[in-house]
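Hi,

Here is the structure I promised to pass on. Have it open while you read, and my notes on what turned up in it follow below.

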Amino acid sequence: MRQLAETFRRFAEAHQNAAPLYSKFADRVANEPTVLDLMTAAPALQRIPVLLFACAHHLLLSNPTGELATHYPNISTREPEGDAGDLFVQFVLEHSDEMSALLATRSTQTNEIRRSNWFLFPFAMLERELGPLAHIDVGTSAGLNLLFPKLAFDIHPGGRIGDTSALTIQCDVRGQPPLIDHVPVVNWSVGIDTQPIDVHDEVAVRWLQACVWPDQVDRFTRLHSAIDLARQSNLRIDTGDAVENIVRLVAEASDYGHPTVTTSWVMNYLSPAQRNTFVNELVRIGTTTDVSWVIAESPLETPELPVTSSDGEDITVISLVTWRNGQQVSTRLARTHPHGNWIHWGQ
């Protein structure tokens, strides 16, 4: 209970500006033992504030009424009523059975389409080196990262590239990234997830929406557009464990282009042992097959990954790990906002 309370307090402090509503919730929950106790329904690795908030959000999206809903900018335009923290605690306890069921069976799946910015420059580097690519997205959720080649990108500075009739993703770039004049070519792609989201299932899509933070209304707009595009795109998403399937997927990808694995804020949901196993599996593949791995993760939360970082670096770092003729090379490329709003290229 003390550890959970401290987790919520840290969240409240860290997100006062970017997510003031969830910051208020977290500050209140940190002092509410009944809600903290409810969190024990979740698996150990999922006992995190954002899962609790997503579960409540999911219930509100299905029935957007009551005073609490007035505090959600993505749900209501009414003037907020009452104290947000108190109303949240009251809502959670009134729906404790539904909340417990969601906490026990759900995991956070933040499929932020703007994170495709993270792949733009590394994929361009790999295409320049090796030609067309074959993309394997690990922890793919609804597969929105697989839409990457279909998008347009408005790069600041740099200009617009890609299909301007498609969804356009803005990318603010700092530093000196590689120059690119087109969206890299991906001949083949597949996503894998233990619990993928079916974009044709309205209830499943509601969970994906629930994982978006309600203060950030622009993210909902992009998510709706991305889901519409995904529904038209016939994406391939496999259900399964990445460690158990990565050998098969890399072998299949090799028939279509250079196998390029991506992980973006997914490895932190694995245990240290699972992360080590995944890394070792890619190392083993790399002894016989040329393969690349684009990593966008927090080094602080995933110390087992082959990423160069400062001690305790609590930020998203983009790295590229390559295996060529059995030799592994790890290169730190950039720091980035956790939702892809900006990229600072360079060490």
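Helix H1 passes helix H2 in a left-handed crossing, where left-handed says that the near helix is turned anticlockwise from the far one by less than a right angle. Helices here are DSSP runs of H or I with at least four residues, strands are runs of E with at least two, and both are numbered from the N terminus. Before you go on: this is a predicted model, in which local features need pLDDT of at least 70 and side-chain atom pairs count only at pLDDT 80 or more, while totals for chains, interfaces and linings use all residues. Residues are numbered from 1 along each chain as its sequence is written, and side-chain values use heavy atoms, with hydrogens and water left out.

Back to the helix pair. The axes of H1 (residues 2-14) and H2 (residues 20-29) come within 8 Å and cross at roughly 150°. These axes are lines fitted to C-alpha atoms, for helices over the stretch in contact, and angles run from 0 to 180 degrees between N-to-C directions. H1 and H2 are therefore roughly antiparallel to each other (angles over 145 degrees count as that). On the H1 side, Phe8, Phe11 and Ala12 meet Tyr22, Ser23, Ala26, Asp27 and Val29 of H2, with contact being heavy atoms within 4.5 Å. Those residues divide into six nonpolar, one polar and one charged.

Now the sheet. It is open, has 11 strands with mixed pairing, and runs S3-S2-S4-S11-S10-S9-S8-S7-S1-S5-S6; two strands pair if DSSP finds at least two bridges between them. S3 (159-162) and S6 (237-239) stand at the edges with a single partner strand each, so one side of each has no neighbour in the sheet. From one strand to the next, the twist averages 25°.

Asp193 has Thr239 in S6 as its bridge partner. Helix H10 (residues 242-253) packs on the sheet, touching S1, S5, S6, S7 and S8.

What about S11? S4 and S11 pair in the parallel sense over four bridges, and Asp172 stands opposite Trp342 in S11. S10 and S11 pair in the antiparallel sense over three bridges, with Ala334 opposite Trp345 in S11. Their hairpin has five residues between the strands, and Gly340 there takes a positive phi near 85°.

Cheers

Note on methods:
Angles under 35 degrees count as roughly parallel, over 145 as roughly antiparallel, 65 to 115 as roughly perpendicular and the rest as oblique. Ala, Val, Leu, Ile, Met, Phe, Trp, Tyr, Cys and Pro count as nonpolar, Asp, Glu, Lys and Arg as charged, and the others, Gly among them, as polar.
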